[in-house]
Amino acid sequence: MTEQAGDLALESRAGIDPAAADQQLNDKIGLKILEATPERVVGTIPVEGNLQPYGLLHGGANATVAEALGSYVAALNAGADRAAMGLELSCTHHRAVRSGIVTGVATPLHVGRGTITAEIVLTDDQGRRTCTARLTCVVRDRPPA
């Protein structure tokens, strides 16, 4: 089963606070979620609008995509009564990107009670790996509302 970005069910399953829904960094970089299951989250961003001064995709944009997709994987695996929060993110930038679309695919490497770790692979329009990232999230019980 896949769900689209902006889908209320996806947002609530991933624990997005409705009060913060219109203030998401993901929207500012143009992130679109194409697929979201506990086993795999896929998203894209345009390179245009996310450049650093040398005309290349900004490494921080890679990190933002990795954190977002990995966080979705963690939240979908944590369950509705638990919250997943980023603990550590590492990114290795393999190849510069100057134009087009970058696609990220996040898959869980470890799903435990206290931590969830995801691998995120970013590729360019030609399918070449541009960045490999790993995100570890700590998982905690949600406080009562």
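Helix α3 is followed by glycine 79, whose phi is positive, near 100°. Helices (H or I, at least four residues) and strands (E, at least two) are DSSP runs, numbered from the N terminus. The structure is a predicted model, in which local features need pLDDT of at least 70 and side-chain atom pairs count only at pLDDT 80 or more, whereas totals for chains, interfaces and linings use all residues. Residues are numbered from 1 along each chain as its sequence is written, and side-chain values use heavy atoms, with hydrogens and water left out.

Helix α3 comprises 20 residues (residues 59-78), which at 1.5 Å a residue should span 28 Å; the expected span is 1.5 Å times one less than the number of residues. The end C-alpha atoms of α3 are 28 Å apart, in agreement with this value. Because 14 of its 20 residues are buried, α3 is largely enclosed by the rest of the structure. Here, buried denotes under 20% relative accessible area, exposed over 50%, and partly exposed in between (1.4 Å probe, protein chains only).

Six strands form an open sheet in the order β1-β2-β4-β5-β6-β3, with antiparallel pairing; two strands pair if DSSP finds at least two bridges between them. Strands β1 and β3 (82-93) are the edge strands, each pairing on one side only. Neighbouring strands of the sheet are turned by 20° against each other on average, direction ignored. Helix α3 packs on the sheet, touching β1, β2, β3, β4, β5 and β6, and its direction makes about 145° with that of β3. Contact means heavy atoms within 4.5 Å; axes are lines fitted to C-alpha atoms, for helices over the stretch in contact, and angles run from 0 to 180 degrees between N-to-C directions.

Antiparallel strands β1 and β2 are joined by five bridges, and threonine 37 has arginine 40 in β2 as its bridge partner. Alanine 36, also considered here, lies in strand β1 and counts as buried because its relative accessibility is 1%.

Not counting residues up to four places away in sequence, leucine 69 touches Leu31, Ile33, Val41, Val42, Gly43, Gly104, Val105, Ala106 and Ile120.
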